[in-house]
Amino acid sequence: MGKLTIGCFSSLVGSMTLDFAVKLAEAAVKKGHEVDLWLSGNATMLGKTRQSKFRDYSYLAGTVEELIKTGKFQITICEACAKARGIDKEDTMEGVNIHSMDWYLASAFSADRVFHIGGE
């Protein structure tokens with residue numbers, strides 16, 4: 001199996017790019033691939049602890065927690081984007097990494113396929 005790196009560059013409001021990126025990652029992991037998911041912009045909020053599940057509202061934290069448990073999935077949030085939103089390491093879910101963009105570039109370099117999702 002191969003390695004897929006996904007970069008999600010979520011816009012400010014009403015974007016479904018994060019939902020799509022997580023569903024793509026989930027499908028790839030189920031097929032046996034390794035997946036690195038990089039989140040920047042508002043997508044970094046997915047790494048935050050104490051998220052609540054509401055009916056008729058996108059909730060991805062549970063899916064991410066299950067993906068992390070597989071050992072074939074890494075999720076990393078942009079250090080600068082997280083800091084700008086007041087998110088420090090102690091504010092993140094277990095298994096969520098925080099790194100600068102060089103981590104994403106290194107992951108993309110070593111991947112078999114790279115997807116950049118979102119952005120304006």
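This is a predicted model: local features need pLDDT of at least 70, side-chain atom pairs count only at pLDDT 80 or more; totals for chains, interfaces and linings use all residues.
1. Residues are numbered from 1 along each chain as its sequence is written, and side-chain values use heavy atoms, with hydrogens and water left out.

2. Phe73 also stands out in the largest nonpolar core, which has 26 residues: Leu39 and Phe73 touch the most other members. A nonpolar core is a set of buried Ala, Val, Leu, Ile, Met, Phe, Trp, Tyr and Cys residues joined through side-chain atoms within 4.5 Å. Buried means under 20% relative accessible area, exposed means over 50%, and partly exposed is in between (1.4 Å probe, protein chains only). As background, nonpolar side chains tend to be buried together in soluble globular proteins.

3. Which elements build this core? At least two residues each come from strand 1 (3-10), helix 1, strand 2 (34-41), helix 2 and strand 3 (73-78). Helix 1 gives the largest share, 6 residues. The helices (H or I, at least four residues) and strands (E, at least two) are DSSP runs, numbered from the N terminus. There is also a second, separate core of 5 residues, with Trp38, Cys81, Trp103 and Tyr104 among them.

4. Now look at how the two helices meet. Two packed helices are described by the angle between their axes and the distance between the axes. Helix 1 (residues 17-30) packs against helix 2 (residues 61-69) at an angle of about 30°, and their axes are 11 Å apart. That angle makes helix 1 roughly parallel to helix 2. The cut-offs are under 35 degrees for roughly parallel, over 145 for roughly antiparallel and 65 to 115 for roughly perpendicular, with the rest oblique. Axes are lines fitted to C-alpha atoms, for helices over the stretch in contact, and angles run from 0 to 180 degrees between N-to-C directions.

5. Helix 1 passes helix 2 in a left-handed crossing, a term for the near helix being turned anticlockwise from the far one by less than a right angle. On the helix 1 side, the contact is made by Val22, Ala25, Glu26 and Val29, and on the helix 2 side by Thr63, Val64 and Leu67. Sorted by class, this contact has 5 nonpolar, 1 polar and 1 charged residues. In this scheme Ala, Val, Leu, Ile, Met, Phe, Trp, Tyr, Cys and Pro are nonpolar, Asp, Glu, Lys and Arg are charged, and the others, Gly among them, are polar.

6. Beyond its neighbours within four places in sequence, Ala25 contacts Ile6, Val35, Leu67 and Phe73. Ala25 and Val35 are 10 residues apart in sequence, and their C-alpha atoms are 6.2 Å apart in space.

7. Thr17 also belongs to helix 1. With a relative accessible area of 18%, Thr17 is buried. Not counting residues up to four places away in sequence, Thr17 touches Cys8, Ser10, Ile117 and Gly118.

8. Leu4 sits in strand 1 and is buried, at 9% relative accessibility. Setting aside neighbours within four places in sequence, Leu4 is in contact with Leu24, Ala28, Glu34, Val35, Asp36, Arg113, Val114 and Phe115.

9. The loop between strand 2 and helix 2 is worth a visit too. Met45 has its place there and counts as partly exposed, at 37% relative accessibility. Apart from neighbours within four places in sequence, Met45 contacts Gln51, Arg85 and Ile87. Met45 and Ala82 are 37 residues apart along the chain, and 7.7 Å separates their C-alpha atoms.

10. Arg50 lies in the loop between strand 2 and helix 2 as well. Arg50 is exposed, with a relative accessible area of 69%. Have a look at its backbone: Arg50 has a positive phi of about 60°, although it is not a glycine.

11. Finally, find Glu66 in helix 2. Glu66 is partly exposed, with a relative accessible area of 47%. From Glu66 to Gly95 there are 29 residues in sequence and 11 Å in space, C-alpha to C-alpha.

Note on methods: Contact means heavy atoms within 4.5 Å.
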